[in-house]
Amino acid sequence: MRIFLYSVIIILYMLTHFIPHLLISYTIGGLAVVALAVSARYARGLYRISGFVFLVLGIGLFLWEGLPWHSFLLHFQSMLGLLSLFLVLPFIHSLIRIGRYDKNLSQFLQDRVTSLGNLYKRSFLVAHFLGVFLNIATLPLLSKSLQPSLAMLSREEADRFLGKNLLRAYALCLMWSPMEVVVSVSIDITGAHYVLIVPVVIAIVLLALLIDRRITGTRYAGITVPSELYSQVCLKQVYKKVVQMLGMLVLFVVFVSVTQYVLGSGFLFSVVLLLVPFSILWAITIRKVKTYFVVTIPYWKQRTKGLADYYFLFLSAGLFVEVLSLSGLLSFLEPVFLAASKTPLTLYLLIGGFFVGTSFIGFHPLVSLTFLAELLLPVLPHVAVLPLTVVMIVCGLSTVMYSPFNLSVSIMANELRINPFRIAGWNVGFAILCMLIGIAVALAVEQLS
């Protein structure tokens with residue numbers, strides 16, 4: 001039932017972009033209410049608590065504002081774009097496994113690594129590339145691969161190595177990934193173009209990577225890895241897989257950009273629309289189309305059934321955000337952002353502080369971004385959208401490294417069997433440094449434009 005329900009909602013949502021009709025919108029709203037009820041049974045942990053809070057606040061505000069009762073069903077669509085991406089991501093995830101891209105990159109970790117300093121740099125690189133395609137699955141996969149090589153460290157040092165290395169690499173790769181929801185939503189909010197943003201974000205990522213190597217990587221340079229733990233692999237095969245991945249990623253971005261221009265649609269919508277057919281085309285190109293469908297369909301069903309956490313949280317948050325924006329209760333913050341927009345540095349620091357504050361309260365960065373979008377609406381006509389988008393992306397995704405309520409930190413905490421707040425302590429300083437680098441680069445871009 002969950003698979004059918006979650007899929008139909010997204011199919012109808014995609015259909016409204018081509019055939020906008022009030023009846024379809026009401027149908028989506030009715031199904032969203034049913035999905036909320038079903039998802040509430042399966043949602044767990046912070047997702048269930050946060051979703052319940054947003055739902056209660058949303059219903060309370062709706063009643064307080066005295067909005068027409070029939071309009072209740074029309075207030076669930078603001079988060080369906082990102083839910084649609086979650087629904088189709090398994091189609092690209094399974095392709096990475098079928099093409100053995102993850103295996104080749106994991107083998108690259110063991111190729112002639114003689115010190116933990118080399119291992120830190122190499123695992124950072126592997127996690128960075130795998131994160132673009134495997135997303136959150138990268139963390140447990142590489143955590144298990146790396147643990148045997150860390151046997152000479154104390155338990156606390158090994159945990160610190162993994163908590164810093166993997167989460168930082170993962171967060172930095174998301175910042176330029178066209179398949180990352182925060183990137184897509186930020187672009188849709190400001191109307192910027194991905195092809196103009198990505199070079200700036202990659203420059204920020206490279207600066208952050210060099211600083212991390214200088215500060216953290218050299219710490220492990222003098223610690224040798226026992227010879228029995230490393231081996232030689234066929235680097236030619238590894239490089240071939242990396243080139244294939246990068247080539248396909250560039251091609252995907254081109255297709256998405258063209259689709260966005262032709263349809264006049266948002267970046268996120270274009271990504272969702274093309275992800276499944278592009279993945280099938282990729283499977284045909286590597287001549288594994290039969291295996292692809294045999295593996296992907298069960299994997300997609302499994303992942304879709306597991307989306308209850310996201311559906312409960314984001315449908316509830318969508319209701320709350322939409323009703324809140326209609327209520328005008330956020331209007332007192334609008335003058336603050338308008339005043340800050342006169343000085344770009346002040347505005348960018350305000351955005352960074354907003355993400356830091358909401359991440360420790362327990363907000364998912366996508367929920368924070370949705371609130372921020374409402375506050376930035378009166379600001380957008382007065383600011384340069386390219387540097388603003390860069391700041392939103394970098395500050396929003398820096399929370400992936402440290403927020404104790406984020407899924408990435410929770411997974412690492414579960415893998416290492418430690419408190420997520422310990423991981424937050426290891427990474428929050430570097431995350432704030434990344435935000436400041438992003439703000440500095442954005443200011444430079446604004447001065448040059």
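A: Happy to. Let's begin with a pocket: the second largest pocket has a volume of about 450 Å³. Keep in mind that this is a predicted model.

Q: Which residues lie nearest the centre of the second largest pocket?

A: Ser78, Val185, Asp188, Ile189 and Thr370 do, out of 19 lining residues. As for secondary structure, H4 (80–88), H10, H13 (267–285), H15 and H18 each give two or more residues to that lining. H18 gives the most, with five residues.

Q: And what is the lining of the second largest pocket like by class?

A: Sort the residues by side-chain type and you get eleven nonpolar, five polar and three charged ones.

Q: What volume does the largest pocket have?

A: About 700 Å³. Its lining has 33 residues, and those nearest the centre are Asn135, Ile136, Arg303, Tyr310 and Leu407. The helices giving two or more residues here include H8 (138–146), H9 (155–174), H10 (181–190), H14 (289–305) and H20 (407–416). H15 (308–327) and H18 (365–376) are also among them. By class, the lining of the largest pocket has 21 nonpolar, seven polar and five charged residues.

Q: How is a cavity set apart from a pocket?

A: A pocket is open, whereas in a cavity the 1.4 Å probe fits but cannot get out. In this model the count comes to three cavities of 30 Å³ or more, and the largest cavity has a volume of about 50 Å³.

Q: Which residues line the largest cavity?

A: Among them are Leu89, Ile92, His93, Val132, Phe133, Asn135, Leu174, Met179 and Glu180. Helices H5 (90–98) and H7 (116–134) each supply at least two residues of the cavity lining, and H7 has the largest share, with three. By class, the cavity lining has six nonpolar, four polar and one charged residues.

Q: Now for single residues. Is Phe267 buried or exposed?

A: The idea is to compare the relative accessible area with a cut-off, and buried means under 20%. Phe267 comes out at 1%, so it counts as buried. Phe267 sits in helix H13 and touches Pro178, Ser184, Ile187, Asp188, Tyr194, Val256 and Gln260, leaving aside residues up to four places away in sequence.

Q: Why does Ser25 count as buried?

A: Ser25 is called buried because its relative accessible area is 15%, and the cut-off is under 20%. Ser25 belongs to helix H2 (residues 22–42). With residues up to four places away in sequence left out, Ser25 touches Leu73, Leu74 and Gln77.

Q: Last one: how do I read helix H21?

A: Look at the span and the bend. H21 (residues 420–448) has 29 residues and reaches 41 Å from its first C-alpha to its last, close to the 42 Å expected. Even so, H21 has a kink of about 45 degrees, centred on Asn427.

How values were computed: Residues numbered from 1 in each chain as written. Predicted model: local features only at pLDDT ≥ 70, side-chain atom pairs only at ≥ 80, totals over all residues. Heavy atoms only, no water. 1 Å grid on protein atoms, 1.4 Å probe; cavity = no way out; pocket = protein on both sides within 12 Å on 5 of 7 lines; lining within 4 Å. Points joined across faces, edges and corners; volume = space filled by probe spheres on them. Helix = DSSP H or I, 4+ residues; strand = E, 2+ residues; numbered from the N terminus. Nonpolar A, V, L, I, M, F, W, Y, C, P; charged D, E, K, R; others polar. Expected span 1.5 Å × (residues − 1). Bend = angle between axes of the 7 residues up to and from the residue. Buried < 20%, exposed > 50% of the residue type's maximum accessible area, 1.4 Å probe, protein only. Contact = heavy atoms within 4.5 Å.
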